[in-house]
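Hi,

Here is the structure I promised to pass on to you.

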Amino acid sequence: MFLRVDKLQIELPAPTQVDPNAGAALQELLGGKYGEMSTLGNYLFQSFNFRSKSKLKPFYGLVAAITAEELGHVELVSNGVTMLNNGPDLEGADEKDGGDISGAPYEAMKDIRLAGAFFSNAGGAMPMNSNGSSWNMDFVTTTGNVIVDLLHNFHLECGARLHKLRVYESLTDPTGREVCGYLLVRGSVHAHAYALAIKNLTGIEIEKMLPTPNIYLGNIPECQKYLDEGSHRRLYTFSPEDYKDIAGIWGQGETALPGDPPGELEVIEGMPDGGKIHQLSGVPSAFTPDYAPEEMMEIAAKLYKASR
């Protein structure tokens, strides 16, 4: 089962302006071949299909725990996309009706890369890449062979790192760059973890290939605070009591990758402290949540009061 908490894994800075083309770029990290939908889909179905779970608990636990983290990564990127598409919150913007829409308030959409994200999804995130192509199950590999699956996962995390770096280079807004910075650190953890699992099974020190591509996290300003707090050395169980066995892989005297701040790897029971979810303003002219939302809000306020 999965436990849902009403927080993001980190708190994202508010966008400085409406930037739907930046939101479109960030979609690559959500629905691209190496995006978070792919890492989630691979690890989710590998964990469901895992054979001999009880006898291979450290390896099963590794895939299962990272699956839960990836669910949060999908949520994080999706929030980054919607924040960039929405721009800074405007106090009271959802407290009046949509006004005269004949003035073409969405005229700018004709020049936006993913106009469909607005016409169909009101600026929301969707499981698609930066060109609007749908994510699909062909991006999921689950062979049943533990070594093949772990090797695929290592490749997937290295490919995801490559894509994050390229998307990062196209962004200037702090919201998108923060998403990339955090995910680069956590993706490095996952690549390292799969490499150590392969080493335990085969003796091959594939972690010596890291980082791939060969650029250190310390070169990226948005990664620095996560390195300072030791996030690059932490693997979370995302469970109150299960998956502790992963300490047999992520631990046992293993240390941080060369080039990152030194220290021993550690398993953290549970999850990161997390941060608040950004509140998106309503846009009545786009009928979100509706053209004239006052009645909805009055009903919601009454229901909230009744629940206290």
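Below is what turned up, helix by helix and then pair by pair. Keep in mind that this is a predicted model.

Start with α1, which runs over residues 20-31. This helix is mostly covered, with 11 of its 12 residues buried. Among the buried ones are P20, A22, L26, L29 and L30. What does the covering? The cover includes α2, α3, α4 (116-119), α5 and α6.

Next comes α2, residues 36-49. This helix is mostly covered too, since 11 of its 14 residues are buried. The buried set includes E36, M37, L40, Y43 and L44. Its cover includes α1, α3 (57-86), α5 (146-169) and α6 (174-202).

F48 sits in α2, but F48 is partly exposed, at 47% relative accessible area. Together with F2, F45 and L71, F48 makes up a nonpolar patch on the surface. The four share about 400 Å² of accessible area.

**Salt bridges**

How many salt bridges are there? The count comes to 12.

- E298 and K302 meet with N and O 3.5 Å apart. Both are in helix α8 (residues 294-307), 4 residues apart, which is about one turn of the helix. E298 is partly exposed at 48% relative accessibility, while K302 is exposed at 55%.
- K199 and E207 pair up with their closest N and O atoms 2.9 Å apart. Are these two buried or exposed? K199 counts as buried because its relative accessibility is 18%, and E207 is buried as well, at 10%.
- E266 and R234 have their closest N and O atoms 3.7 Å apart. This pair links distant parts of the chain, as E266 is in strand β2 and R234 is in strand β1, 32 residues apart. Both residues are partly exposed: E266 has a relative accessible area of 29% and R234 has 22%.

**The loop between the strands**

While you are around β1 (234-236) and β2 (266-268), look at the loop between them, where you'll find S239. This serine counts as buried, with 9% relative accessibility. Which residues does S239 touch, leaving aside its neighbours within four places in sequence? The answer is E269 and G270.

**Cysteines**

A disulfide is a covalent bond between the sulfur atoms of two cysteines. How many disulfides does the model have? The count is 0. Take C180: the nearest cysteine sulfur belongs to C223 and is 9.1 Å away, and C180 is in no disulfide. Two sulfurs have to be within 2.5 Å to count as a disulfide, so the distance of 9.1 Å rules this pair out. C180 is buried, at 0% relative accessibility, and C223 is buried with 0% too.

Happy to go through any of this with you.

Cheers

Methods:
Residues are numbered from 1 along each chain as its sequence is written. This is a predicted model: local features need pLDDT of at least 70, side-chain atom pairs count only at pLDDT 80 or more; totals for chains, interfaces and linings use all residues. Side-chain values use heavy atoms; hydrogens and water are left out. Patches are made of residues with over 30% relative accessible area and no salt bridge: like charges are joined within 9 Å, nonpolar side chains (Val, Leu, Ile, Met, Phe, Trp, Tyr) within 5 Å. Accessible areas come from the Shrake-Rupley method with a 1.4 Å probe; for residues, only the protein chains shown count as cover. A salt bridge is a side-chain nitrogen of Lys or Arg within 4 Å of a carboxyl oxygen of Asp or Glu. Helices (H or I, at least four residues) and strands (E, at least two) are DSSP runs, numbered from the N terminus. Buried means under 20% relative accessible area, exposed over 50%, partly exposed in between (1.4 Å probe, protein chains only). Contact means heavy atoms within 4.5 Å.
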